[in-house]
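I opened this model to look up helix packing, a pocket and some backbone geometry. My entries follow.

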Amino acid sequence: MALANVARAYPRRLDQLLGGPDEEWRPGVLHPAFYGSYDWHSAVHMHWLLARLLRLHPAIPERSAIEERLDVHLNASNLARELAFFNGPGGTTFERPYGWAWLLELQAELVRLRRWHGEVAPLADELADRFVRFLEASAYPVRAGTHGNTAFASILALDYARTAGRSDLAAAVEAAARRRYLDDRDYPVAYEPSGDDFLSPALIEALLMKRVLPDGEFSEWLKRFLPPDLGPLSQPPTVADHADAKQSHLDGLCLSRAWCFEHLGKAEEAKRHLEAGMPHVVGGDFAGEHWLASFALLALSAATLKTP
């Protein structure tokens with residue numbers, strides 16, 4: 001469709017949607033808090049990585065360097081500019097839901113750490129409000145093994161809601177999870193993985209339901225949902241090219257599966273997947289290095305934490 005036809009088809013002016021030719025585009029200016037990790041959401045969860053390291057390992061030798069970096073990025077001026085972007089013409093659905101959820105999970109970690117959460121709070125409040133509306137307005141979940149997965153975003157949003165006292169968001173996540181997943185059964189495990197999955201739709205859904213349902217109800221639900229023999233779900237995927245941006249997602253799948261398996265009480269499967277994914281976290285290609293460490297820390301901290 002020609003640009004003129006697009007302009008006629010949509011009553012809203014194109015310059016309101018796309019900005020003008022002189023519009024600022026540089027990531028470090030548009031997103032002074034979260035840039036440098038290839039995409040916005042990866043920058044957010046790599047900040048989460050630093051915050052969690054500070055909380056779990058306060059004597060880490062890199063502590064001063066981490067604190068200095070977070071001071072530079074997570075200041076009130078930078079976060080105000082981030083919020084302004086979300087409130088601008090291009091920000092309505094920007095990073096929905098994956099980036100939203102990671103920002104909320106970052107804030108949950110900062111609240112637990114008791115540092116920098118005041119600066120991030122205005123953006124977190126805005127995205128929490130949007131998340132409630134998103135859940136209430138979405139008729140169907142996204143079950144993909146990539147960024148759009150609704151269950152994964154809901155897990156992170158629920159952790160933030162319970163940590164920060166956002167009972168409205170917690171209620172929205174819990175209600176949506178029951179509405180969308182409670183009647184699921186007989187999941188076809190042979191359908192996983194897809195070629196660029198970094199999440200297991202089955203295991204992510206199971207973990208969300210574990211967070212939402214009482215223990216007894218969850219146990220009965222899980223029996224209906226997953227077979228005793230998990231088949232390919234129990235074995236790490238094959239990755240032919242770790243430098244390929246899509247195939248490297250499968251390294252992340254190893255780590256996110258390990259995270260899920262640990263929380264679901266399957267230690268052997270968790271260990272198997274962790275051992276397969278960890279060698280590719282560092283020392284490889286930027287396609288993986290810009291994000292895999294976050295999922296490695298999710299998996300490594302799962303044994304000691306009940307939260308994400």
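**Pocket and helix 4**

I began with the lining of the second largest pocket: helix 4 gives the most to it, with three residues. The model is predicted, so I kept its limits in view: local features need pLDDT of at least 70, side-chain atom pairs count only at pLDDT 80 or more, and totals for chains, interfaces and linings use all residues. Residues are numbered from 1 along each chain as its sequence is written, and side-chain values use heavy atoms, with hydrogens and water left out.

Helices here are DSSP runs (H or I, at least four residues), numbered from the N terminus. A pocket is an open set of points on a 1 Å grid over the protein atoms alone, where a 1.4 Å probe fits, with protein on both sides within 12 Å along at least five of seven lines; lining residues have an atom within 4 Å of a point.

I noted a volume of about 240 Å³ for the second largest pocket. Its lining has 16 residues, and Tyr38, Asp39, His249, His290 and Trp291 are the closest to the centre. Helix 4 and helix 15 (286–289) are the elements that give two or more residues to this lining.

Tyr38 sits in the loop between helix 3 (27–30) and helix 4.

**Helix 4 against helix 5**

I checked the axes of helix 4 (residues 40–56) and helix 5 (residues 63–73): they come within 10 Å and cross at roughly 135 degrees. Axes are lines fitted to C-alpha atoms over the stretch in contact, and angles run from 0 to 180 degrees between N-to-C directions. In the contact (heavy atoms within 4.5 Å), His47, Leu50, Ala51 and Leu54 of helix 4 meet Arg63, Ile66, Glu67, Leu70 and His73 of helix 5.

**Helix 4 against helix 7**

Next I took helix 7 (residues 98–113). Its axis and that of helix 4 come within 9 Å and cross at roughly 20 degrees. The two helices are therefore roughly parallel to each other. The helix 4 side of the contact includes Trp40, Val44 and Trp48, and the helix 7 side includes Tyr98, Trp102 and Leu106.

**Cis bonds**

I found a cis peptide bond from Arg96 to Pro97, with omega near -5 degrees. Pro97 is in the loop between helix 6 (76–86) and helix 7. The bond from Glu192 to Pro193 is also cis, with omega near 0 degrees.

Technical notes. Angles under 35 degrees count as roughly parallel, over 145 as roughly antiparallel, 65 to 115 as roughly perpendicular and the rest as oblique. Grid points are joined across faces, edges and corners, and a volume is the space filled by probe spheres set on the points.
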